[in-house]
Amino acid sequence: MNNFREVNDDILKDWLEFREDQIFANNSTKDKEHYLYFDELSDNILANVSEENKKYVQVQLDQIYDNFIDYLGYWNEKYYRNGFCDGVQFIFGCCKDNNIPF
């Protein structure tokens, strides 16, 4: 059996990717209130940067964005993966304690 706490190419990773696609496809009004308007923020910053520094600032903004998205993905997967594993262990423990075959 897989150790689902380890990030592998497994069914849990597929489910997390599916959920991510579904969440971003169905943004509610409340979700949109908390949207990260990174493109608009970047455009505002770049509009106030001299031409000689624009390329450098754009590269830095792109790196910040990539790093932030990677950070969110890592922590979301870790949080949901461990929550899933904790739930499964809890169910197995309850079944074992009550002599319920699983």
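Colleague: Which residues make up the largest nonpolar core?

Modeller: In this predicted model, the largest nonpolar core is made up of five residues: Phe38, Leu46, Val49, Val57 and Leu61. Helix H3 (38-47) and helix H4 (51-97) are the elements that give two or more residues to this core.

Colleague: What makes this set a nonpolar core?

Modeller: The term requires buried residues of kinds such as Val, Leu and Phe, joined through side-chain atoms within 4.5 Å.

Colleague: With which residues is Phe38 in contact, leaving aside its neighbours within four places in sequence?

Modeller: Phe38 is in contact with Leu61, Ile64 and Tyr65. Contact here means heavy atoms within 4.5 Å, so Phe38 has heavy atoms within that distance of each of these residues.

Colleague: Why are the buried residues of H3 said to line one face of the helix?

Modeller: The residues concerned are Phe38, Ser42 and Leu46. Seen down the axis of H3, they fall within an arc of 65 degrees, and therefore they line one face. These buried residues pack against H4.

Colleague: What is the pattern of the protein chain, read along the sequence?

Modeller: The pattern is α-α-α-α, and the chain has four helices and zero strands.

Colleague: How much of the protein chain counts as buried?

Modeller: Of its 102 residues, 14% count as buried. The accessible surface of the chain comes to about 8800 Å², and 55% of this surface belongs to carbon and sulfur atoms.

Definitions and conventions
Residues numbered from 1 in each chain as written. Predicted model: local features only at pLDDT ≥ 70, side-chain atom pairs only at ≥ 80, totals over all residues. Heavy atoms only, no water. Buried < 20%, exposed > 50% of the residue type's maximum accessible area, 1.4 Å probe, protein only. Arc of directions from axis to C-beta. Areas by Shrake-Rupley, 256 points an atom, 1.4 Å probe, with all protein chains shown as cover.
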